[in-house]
Amino acid sequence: MPFDTVILNDGTKFPALAFGTGSKWKGTDVTEYVKQALETGFVHIDTAAYYANEDSVGAGLEQSGLARSDFYITTKYAAGNVHESITTSLNKLGLKRLDLYLIHSPRGDLPSTWKDFEQAQKDGLTTSIGVSNFTVDHLQEILKVATVTPAVNQISFSPYNYHEHKELIKFAAEHNILLEAYSSLTPITRYPGGPVDESVLAAAKRLGATPAQVILAWVRSKGVAIVTTSSTKEHLKEYLGVAELPPLTEEEIVAIDKAGVNGPPSVLGAINLSPKNIVTLVLTAGAATYATLRWVL
C-alpha cells in the first residue's frame, strides 16, 4: 500500500511523505541520495534554495529516468525577487514547473511576497503555493491580502513541540491548510532517553514496528504530512513501511502526547556539573565548552 496522497485546498494531489534534502544535506551533492529515494519508493522530493543543492536534486531527478508526472517536487523561496528566485530554482532543477513553492521563513514584507507567489502560480511556474515555519500571526498577516490560501505550512513538529502547536493546528484546519512536519524524529536522533521513549517503545512492541515508525505513525494520526530523510535504503524502506502499519490506538496517541509535554530532556540536565566533571569537560572539549557552562551556571 502506498503512502497517503492528500488533496490540497487547491484540489491538487500531494504525496504525504517526502524525502528531504535539507539539514545535513545542505550544500552537499545529493544526486545519488535523490535517485536512491526515488528507486526505493518515494515520489516526493523536498528541497530549497537555501539548501544550496537544487542543482544536484535536479540531476538526481533526471538520472532517475522517471517521467515528470511520476514525481512531485517542492522547493522554497529564500529572499529577493520572487520571479527571479523561482526561475533560478526551476533552471537548477531542470524543470519548467514546480509542484509546490513555499516561503521558507516568515521575513520581510509577507503580504507583498505572497502576492508575488500568487502571480507565480498564475504564470504557471508552480502548481501550488504555501509557506514554511509560519505561526498563526504570520498566516493571518498574509490572509488579509490573499486571494489564494496557502496550501501547505511546513513546520518543525514532533511529540516534544506538539503542545506548542495546538493553536496553529486548529487554525490550519479551519482554513484547510495542510501542515507538513520536519524534524519529527528528533526524539530518536537528538533526544534519545527522553520522556516519550517509554510510550513509543510500548507501541512499537505491540505493532512489531520500530520506534521511528511509531513516531511517524503518531504524526500521521495528527493529520500532518511528513518530510524525512536518510542516507540508507534500509531506513527509507522503514519510513515507507509506516503505511502498512495498523493505526496507533487512541490510548497510545494520548500517552505520547502527554509524555511529550515533559520533554525534551536537557543535555545539561543529564550532566553532573561537579567541579571535577567541569574540569573533565574542559580538557576533552576545550575552553569554549567551559565558557558556555560558566554562562549557563
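Of the 81 residues in the largest nonpolar core, Ile45, Leu61 and Leu248 touch the most other members, and helix α9 gives the most to this core, with seven residues. A nonpolar core is here a set of buried Ala, Val, Leu, Ile, Met, Phe, Trp, Tyr and Cys residues joined through side-chain atoms within 4.5 Å, where buried means under 20% relative accessible area, exposed over 50% and partly exposed in between, with a 1.4 Å probe and protein chains only. The model is predicted, and local features need pLDDT of at least 70, side-chain atom pairs count only at pLDDT 80 or more, and totals for chains, interfaces and linings use all residues. Residues are numbered from 1 along each chain as its sequence is written, and side-chain values use heavy atoms, with hydrogens and water left out.

Ile45 touches Phe19, Thr21, Val34, Ala37, Leu38, Val57, Leu61, Tyr72, Ile73 and Thr74, not counting residues up to four places away in sequence; contact means heavy atoms within 4.5 Å. In helix α2 (residues 54-64), the buried residues are Glu54, Ser56, Val57, Gly58, Gly60 and Leu61. Their cover includes α1 (31-40), β4 (44-46), β5 (72-77) and α3 (82-93). Just after α2, Gly65 takes a positive phi of about 80 degrees. Helices (H or I, at least four residues) and strands (E, at least two) are DSSP runs, numbered from the N terminus.

The strands β3-β4-β5-β6-β7-β8-β9-β10 form a closed barrel of eight, with parallel pairing, and neighbouring strands of this sheet are turned by 30 degrees against each other on average, direction ignored. Two strands pair if DSSP finds at least two bridges between them. The table sets out two of these pairings.

| Strand pair | Bridges | Direction | Residues opposite each other |
| β7 (residues 126-132) and β8 (residues 152-156) | two | parallel | Ser132 and Gln154 |

Strand β6 is mostly covered, since six of its six residues are buried. Helix α4 (residues 110-122) lies across β5, β6 (98-103) and β7, and runs at about 160 degrees to β7; axes are lines fitted to C-alpha atoms, for helices over the stretch in contact, and angles run from 0 to 180 degrees between N-to-C directions. In the loop between β6 and α4 sits Ser105, which counts as buried because its relative accessibility is 18%. Leaving aside neighbours within four places in sequence, Ser105 is in contact with Ser132 and Phe134.

Leu185 occupies the loop between β9 (178-182) and α7 (186-189), and with a relative accessible area of 11% Leu185 is buried. Although Leu185 and Phe157 are 28 residues apart in sequence, their C-alpha atoms are 9.0 Å apart in space. Leu185 also touches Ala212, Ile215, Leu216, Thr228 and Tyr239, again not counting residues up to four places away in sequence.

The axes of helix α9 (residues 211-221) and helix α11 (residues 250-260) come within 11 Å and cross at roughly 100 degrees. The two helices α9 and α11 are therefore roughly perpendicular to each other, on a scale in which angles under 35 degrees count as roughly parallel, over 145 as roughly antiparallel, 65 to 115 as roughly perpendicular and the rest as oblique. Val214, Trp218 and Ser221 of α9 make the contact with Ile253, Ile256 and Asp257 of α11.
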